[in-house]
Amino acid sequence: MSTILITGASSGLGAEMARQFAARGHDLALCARRTERLEALRDEIRAAHPQRRVELRALDVNDDAQVFEVFRAFRGDFGGLDRVIVNAGIGKGAPLGTGRQDANRETAMTNFVAALTQAEAAMEVFRAQDAGHLVLVSSMSAMRGMPKSMTVYAATKAALSHLGEGLQHELLGTPIKVTVLHCGYIASEMNERVQQQVRFMASTEDGVRAMVDAIEKQKAQAYVPALPWTALAPVMRHAPLPVLKKLL
Ligand SMILES: NC(=O)c1ccc[n+]([C@@H]2O[C@H](COP(=O)([O-])OP(=O)(O)OC[C@H]3O[C@@H](n4cnc5c(N)ncnc54)[C@H](OP(=O)(O)O)[C@@H]3O)[C@@H](O)[C@H]2O)c1
């Protein structure tokens, strides 16, 4: 049994990770902006697993001071944190130069700058404990530069994956572990509008089960679900752009 902090726990992958980790016997520190969603999730988890402890806090990950306050407060609640999952993210974005600098900036700030702040706050706790597991929820789009509305999103996820690898480099052989998850398409609110159109869309339950398995094994990095994404990863990384364009 361990204590797991999940950001962006109010919907999609974050909420489903909370359900599945509770079923596996873990206690939960859950945060997001939509607290009524968090309260409904806590009630659902308590009804299914009355012995689990679930604490909630409102958090906008773009508020740097609040990220540190909330992470420290959760650490105080539980007397420590075993795992922090940096999951909050958005899928906004538009082709560069089309008047949507606001959306692209919001994506860059939420998916990378705020993720960095969450990693800072988590590492502060883990360094003090000399133990802990940091999980960064990246994406298959980190493999390559992506076009149009995906350009900034993919760039943020590539940066996040590199951040994770940098920490792994530093922390090799120490009790602090870092996992980078490269998620393929998994049904959630973020991709509700595209779910009918894309190939290889996993259900929320199946996709998150693959995430949770990789996290519990403390893998350095994983493509989730493993199929087809483990096979597609080297193709996405190395295919010439004209070939990639046809594939995606
Ligand atoms: N679904 C996929 O196919 C897929 C693939 C690759 C990677 N991912 C990544 O998986 C993560 C979860 O996404 P999802 O698919 O589950 O999407 P989702 O259903 O839209 O959930 C996104 C979560 O992030 C939170 N969030 C967004 N902005 C926030 C902010 N400023 N402060 C605090 N929380 C914020 C939302 O909570 P509030 O709005 O309540 O604050 C929500 O709980 C993201 O990092 C995404 O990039 C998803």
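Ser138 is buried, with a relative accessible area of 2%, where buried means under 20% relative accessible area, exposed means over 50% and partly exposed lies in between, computed with a 1.4 Å probe on protein chains only. The model is a predicted one, in which local features need pLDDT of at least 70 and side-chain atom pairs count only at pLDDT 80 or more, while totals for chains, interfaces and linings use all residues. Residues are numbered from 1 along each chain as its sequence is written, and side-chain values use heavy atoms, with hydrogens and water left out.

Ser138 belongs to strand 5; here helices (H or I, at least four residues) and strands (E, at least two) are DSSP runs numbered from the N terminus. Leaving aside neighbours within four places in sequence, Ser138 is in contact (heavy atoms within 4.5 Å) with Lys157, Leu160, Ser161, Val180, Leu181, His182 and Cys183. With the side chain of Ser161, the side chain of Ser138 makes a polar contact of 2.8 Å, a polar contact being a pair of N or O atoms within 3.5 Å of which, within protein, one must be able to donate a hydrogen and the other to accept it, residues adjacent in sequence counting only if both atoms are side-chain atoms.

The sheet is open and has 7 strands in the order 3-2-1-4-5-6-7, with parallel pairing, two strands being paired if DSSP finds at least two bridges between them. Strand 3 (54–58) and strand 7 (221–224) are the edge strands, each pairing on one side only. On average, neighbouring strands of this sheet are turned by 15° against each other, direction ignored. Helix 4 (residues 101–129) packs on the sheet, touching strand 1, strand 4, strand 5 and strand 6, and its direction makes about 175° with that of strand 4; axes are lines fitted to C-alpha atoms, for helices over the stretch in contact, and angles run from 0 to 180 degrees between N-to-C directions. Strand 6 (residues 176–183) and strand 7 run parallel and are joined by 4 bridges, and the bridge partner of His182 in strand 7 is Tyr223.

Helix 1 (residues 12–23) is largely enclosed by the rest of the structure, because 10 of its 12 residues are buried. What covers these buried residues includes strand 1 (3–7), strand 2 (27–32), helix 2 (35–48), strand 4 (83–86), strand 5 (132–139) and helix 6 (204–216). Gly25, which follows helix 1, has a positive phi near 95°.

Helix 5 (residues 151–171) has 21 residues and reaches 31 Å from its first C-alpha to its last, close to the 30 Å expected at 1.5 Å a residue, the expected span being 1.5 Å times one less than the number of residues. Its buried residues, including Tyr153, Lys157 and Ser161, pack against helix 4, strand 5 and strand 6. Just after helix 5, Gly173 takes a positive phi of about 80°.

The ligand is surrounded by 31 residues, of which the closest are Ser10, Leu13, Arg33, Tyr153 and Ser188, a residue being near a molecule or strand if one of its heavy atoms lies within 4 Å of it. An N or O atom in the side chain of Ser188 is 2.5 Å from an oxygen atom of the ligand, and an N or O atom in the side chain of Lys157 is 3.0 Å from an oxygen atom of the ligand. A backbone N or O atom of Val61 lies 2.9 Å from a nitrogen atom of the ligand.
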